[in-house]
Amino acid sequence: MSGRLSIVLHSHMPYVEGYGTWPFGEEWLWEAMASSYLPLLGLLRDGAPLTLSLTPVLCDQLEAPGVAERFRAFLTDMRRTTHALDAEGSRTSGRADLAGEIERAAEDYERALDAFDAIGGDLVGALAPYAAWTSSATHAVLPLLATTAGLRLQLATGIEAHRARFGAWNGGFWLPECAHAPWLDPLLEEAGVHATCVDMTDVFGRADPRHLRPQATEAGPLLVPIDRDIVELVWHDAGYPSHGAYRDYHHLTVHHHKPWANDGSVYDRARALDQARADARAFVVRVRDRVAEGGLCVCALDTELLGHWWYEGIDWLAMVVEEAGDLLVHLDTALAEVEPAIAPGELPVTTWGTRRDLSTWSGPERPGGQEPRRGAPRAQVGPVASGRSSRSPGRL
């Protein structure tokens with residue numbers, strides 16, 4: 001197979017619907033809808049061959065009673081009011097330049113309202129034609145579950161929820177945190193999983209060509225390596241979103257708006273889009289070099305990174321789609337074309353994150369890099385830790 005790029009967007013939101021405490025209340029969901037999901041929908045409708053994963057937890061929240069009304073109220077009441085207050089305060093303090101940017105940014109939420117009304121408030125229904133992959137029922141980190149019965153329930157419920165909402169499913173399954181253990185493979189096969197993404201950076205080594213080829217397991221499912229060198233062009237402390245021209249996510253006005261660029265200047269939208277174009281071109285050049293001798297480069301990102309965390313992320317993605325042309329294909333299409341390699345017989349437990357050893361943000365690191373126990377899960381006394389790997393922002 002000639003060189004290909006697949007971009008996998010994993011869409012997930014912890015259960016925040018109905019909660020009101022900043023920054024992890026349901027405002028987090030509204031922001032992701034306005035700045036990530038709705039803009040992405042426009043790109044998908046334009047024909048972008050992106051691979052979209054939607055978790056049952058996210059879909060449950062998007063379909064919850066009253067969500068459409070509360071989202072509209074967030075856009076029309078809260079965001080209109082808070083932008084107006086911050087713009088007025090900036091002008092009063094002699095910062096008309098900040099006021100102008102705050103007023104410009106307010107238009108994002110008006111566009112989101114128009115887009116939401118255009119789909120009748122049914123975001124899940126609008127995303128349905130593009131929802132290819134699913135995930136576990138509660139976004140559980142599967143190798144940390146205590147029992148085989150629990151694993152089966154997570155898999156079956158997640159897959160059944162996807163089929164109930166979207167109908168067809170081709171076997172694509174997102175492992176939360178890319179957390180994989182060899183004992184999962186027979187259970188994945190039993191559940192009908194055809195392919196899943198894994199992080200084999202520490203198994204093969206960086207830039208190893210084996211990252212460009214799906215690995216067939218003895219039990220059946222394909223393990224699709226993500227290409228960390230390519231992922232980290234975006235998702236890294238020194239990645240594209242850190243450029244000085246892009247909008248600063250961390251410095252906030254009184255009402256939590258963001259009128260500054262990373263370099264401390266007032267945000268300049270035209271300047272940021274010029275940078276996004278340059279970064280999109282650089283990204284595609286790097287990928288073309290990576291697959292010059294063939295292979296499948298998989299770049300996996302949290303959907304919410306694009307738009308919500310990285311303000312210009314959806315713009316960058318649209319430019320990548322344009323620059324990449326036929327290089328970019330849906331992952332399911334690519335997997336149908338490529339001949340997989342045979343996965344190594346002794347794979348370690350792997351996950352996303354700096355250590356890639358199932359360490360989590362909510363628990364202590366394993367002493368001396370100690371790996372978790374091997375073998376199938378069994379009954380266990382006491383709670384099992386779960387959570388995102390040690391990185392920020394968001395989670396895969």
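User: What percentage of the 396 residues in the protein is buried?

Analyst: This is a predicted model, in which local features need pLDDT of at least 70, side-chain atom pairs count only at pLDDT 80 or more, and totals for chains, interfaces and linings use all residues. Residues are numbered from 1 along each chain as its sequence is written, and side-chain values use heavy atoms, with hydrogens and water left out. Buried means under 20% relative accessible area, with a 1.4 Å probe and protein chains only. Of the 396 residues, the buried share is 55%.

User: How many helices and strands are there in the protein?

Analyst: Helices (H or I, at least four residues) and strands (E, at least two) are DSSP runs, numbered from the N terminus. The count is twelve helices and nine strands.

User: Which residue in S2 is the bridge partner of Ser11?

Analyst: Strand S1 (residues 4-11) pairs with strand S2 (residues 51-54) in the parallel sense, over four bridges. The partner of Ser11 in S2 is Leu54.

User: Which residue of S7 stands opposite Gln215?

Analyst: Strand S6 (residues 215-216) and S7 run antiparallel and are joined by two bridges. They form a hairpin with five residues between them, and Gly220 in the turn has a positive phi of about 135 degrees. On the other pairing, four bridges join strand S5 (residues 195-198) to S7 in parallel, where Thr196 stands opposite Leu223. Gln215 also stands opposite Leu223.

User: Which residues cover the two faces of strand S7 (residues 222-225)?

Analyst: In a regular strand the side chains alternate between the two faces of the sheet. In S7 both faces are covered, and the four residues are all buried. They are Leu222 and Val224 on one side, and Leu223 and Pro225 on the other.

User: How are H1 and H3 oriented to each other?

Analyst: Axes are lines fitted to C-alpha atoms, for helices over the stretch in contact (heavy atoms within 4.5 Å), and angles run from 0 to 180 degrees between N-to-C directions. Helix H1 (residues 26-45) and helix H3 (residues 67-92) pack at about 85 degrees, with axes 10 Å apart. Angles of 65 to 115 degrees count as roughly perpendicular. H1 and H3 are therefore roughly perpendicular.

Conventions. Buried means under 20% relative accessible area, exposed over 50%, partly exposed in between (1.4 Å probe, protein chains only). Two strands pair if DSSP finds at least two bridges between them. Angles under 35 degrees count as roughly parallel, over 145 as roughly antiparallel, 65 to 115 as roughly perpendicular and the rest as oblique.
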